Amino acid sequence: MEIDLNMEHDQEMIQEGEDDVVGGGWWYVVHSSDEHNHPLLIKPSLTKFLRSHRNIPVEEVHFLRILHACNIPTSRQMQLMARFYENLENVPYIAKDIANLRASFRREHHHHDMQDTLAYFDRMKSEDKDFFYKIKLDEEDRVENLFWVDGASRRAYTNYHDCVSFDTTYLTNEYKMPFAPFIGINNHGQSVQFGCAFIRNELSASFEWMFRMFLEAMDGIAPTNIITDQDVAMRTAIVQDKILNVERKAESDTALSDPDFWCRNPIEKQMAKAYTRNIFYRFQREMMESMSYHCTHKIAYQFELTILDGPVPHYGYRNYSVMANWEEGTFSCNCCKFERDGILCCHILKVMTQIGIHQIPEAYILKRWTWDAEEALGEPGGKDKENSGKKEMPQEAWSTMVFASLREDFTKVAKIACRSQDGNKIVRTHLKAMKQELDVLARREEKKAREAAEENITMPSSSAPTEPDKPATAEKKTRRRRTSKPITVPTTSPSLPHISTNSHIQNPPVSNTKGRPQESTNKAPLDLATKKGKLCGHCKKPGKQFRSVRKD
């Protein structure tokens with residue numbers, strides 16, 4: 001569009017509107033042309049590439065925030081939105097817009113990692129009374145060490161503290177702090193996390209503080225054995241929710257289903273009731289492997305087991321000796337499987353079958369491999385009686401999912417309705433009726449919310465909020481300004497008794513590099529080994545090459 005401007009001086013108008021005067025006069029439009037001075041886009045789907053025409057609706061911003069919190073990459077988020085819009089061309093924005101939106105999400109928490117972490121820990125503490133965490137600050141109020149463990153892990157540790165594995169991971173976080181998980185084995189033979197920590201460095205002082213916090217969290221119960229595994233698998237971060245889901249699946253399998261029995265031996269039925277399902281299947285394999293041996297009674301309480309045919313899995317071709325004092329109920333084998341794994345070996349089971357023992361003594365049924373129905377299926381503290389129903393999805397998340405589902409359904413209806421005038425008329429009629437019903441519903445919920453507010457009753461988040469008065473608005477603004485400041489920890493917090501109310505917990509120093517530091521190449525002269533020269537491929541002597549050696 002072209003516009004011609006003409007400036008005419010008018011002293012009276014200048015005096016009346018000095019704020020609007022530009023260059024000492026007024027601008028008047030004397031001619032305009034409605035023809036575009038740039039090429040137009042013929043395809044409407046291309047308008048999203050114009051910065052002035054592309055934007056992300058508010059509802060979709062909320063949905064993309066959830067996807068971002070789930071670490072779904074930008075390309076995958078774009079594919080999901082294309083699925084909602086039927087195809088990629090209908091999406092009114094591009095992948096770069098989603099990338100910029102995700103960058104804005106990350107900036108919201110920039111430099112506030114520790115404040116967000118402590119707020120999350122406090123929320124977990126309110127939901128789980130056994131949740132435990134401790135932090136240690138340096139002289140600049142920066143987090144130096146951090147340790148935490150939830151209530152389920154603390155309760156599991158009381159039964160399975162016989163062996164704990166501990167190792168530190170690579171320094172892949174922004175602050176180059178080693179991550180140190182405590183891993184154990186539960187009664188299903190699965191890995192379970194007993195706590196984890198971030199430490200500033202791998203010095204003895206940091207490890208001493210971490211182990212003190214671990215013992216404090218576990219009520220002073222030290223692990224019977226603690227090992228350090230340098231396997232790469234131990235260096236991967238273990239997701240607590242995934243571990244808990246696997247554990248709950250194993251508990252439900254043990255309680256709600258019957259195992260497949262291999263034989264009708266009373267010992268097998270006894271251990272099916274005592275052991276968890278995974279451990280029972282391991283025990284069952286030992287019973288099956290007992291058929292691979294021939295048992296011979298030597299002298300007194302000594303028995304010898306020889307292989308019938310071929311190697312036995314995990315035992316090979318070796319013969320074994322078993323001491324079985326059936327009068328005192330003591331059994332031992334030189335394979336030492338019970339001492340190692342806490343499960344009777346196939347050799348002892350073979351001897352028991354031969355001498356007619358149909359029940360395993362209680363001394364050979366370790367409690368750590370057993371299960372209790374009330375403990376496995378019920379919540380601690382009787383929470384299952386108070387909250388027997390399923391936990392519902394939070395209102396905000398539920399609304400986002402319903403919005404996405406409804407939008408997809410409305411898109412399909414719109415594609416059919418836009419084909420004809422009659423279809424458009426039908427949709428418009430129903431839309432008008434739906435709007436009227438929704439308005440009535442909104443007014444009814446608003447009335448309930450006002451009545452509840454008068455009676456000091458907290459309504460669910462689905463209720464429409466009431467119109468706040470001026471004092472409430474001022475209070476809301478004050479609260480918003482207050483939350484924008486760094487979060488401080490009160491002195492009454494049991495986890496941080498040494499922190500003053502005026503101190504602001506800050507993030508650890510940010511590192512410019514990630515990963516473990518490489519070993520220094522500057523070694524002492526005595527440590528420098530002489531490099532081995534290349535050997536000749538023909539005579540195998542150093543200092544020669546194959547082509548310089550004459551074949552005889």
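## Overall make-up

Among contacts in the protein between residues at least 6 apart in sequence, what percentage join residues at least 24 apart? The share is 55%. The model behind this value is predicted.

The protein has 552 residues. Its secondary structure comprises 17 helices and twelve strands. Buried residues make up 32% of the protein. The accessible surface is about 37600 Å². Carbon and sulfur atoms account for 53% of that surface.

## The six-stranded sheet

Six strands build an open sheet. Their order is β3-β4-β7-β6-β5-β8, and the pairing is mixed. At the edges stand β3 (132-137) and β8 (225-227). Each has a single partner strand, so one side of each is left without a neighbour in the sheet. From one strand to the next, the twist averages 15°.

## The β5–β8 pair

Strands of a sheet pair through backbone hydrogen bonds, in either a parallel or an antiparallel sense. Strand β5 covers residues 163-166. β5 and β8 run parallel and share three bridges. In one of these pairings, valine 164 has isoleucine 226 of β8 as its bridge partner.

## Confidence

The average pLDDT is 74 for the protein. Scores of at least 70 are found for 67% of the residues.

Two stretches fall below 50. Residues 230-240 are one of them, with 18 contacts in the model beyond near neighbours in sequence. Residues 382-390 also have a pLDDT below 50. That stretch has three contacts beyond near neighbours in sequence.

Notes: Residues numbered from 1 in each chain as written. Predicted model: local features only at pLDDT ≥ 70, side-chain atom pairs only at ≥ 80, totals over all residues. Heavy atoms only, no water. Pairing = 2+ DSSP bridges. Helix = DSSP H or I, 4+ residues; strand = E, 2+ residues; numbered from the N terminus. Axes fitted to C-alpha atoms, helices over the stretch in contact; angles between N-to-C directions. Buried < 20%, exposed > 50% of the residue type's maximum accessible area, 1.4 Å probe, protein only. Contact = heavy atoms within 4.5 Å. Areas by Shrake-Rupley, 256 points an atom, 1.4 Å probe, with all protein chains shown as cover. pLDDT = per-residue confidence, 0-100.
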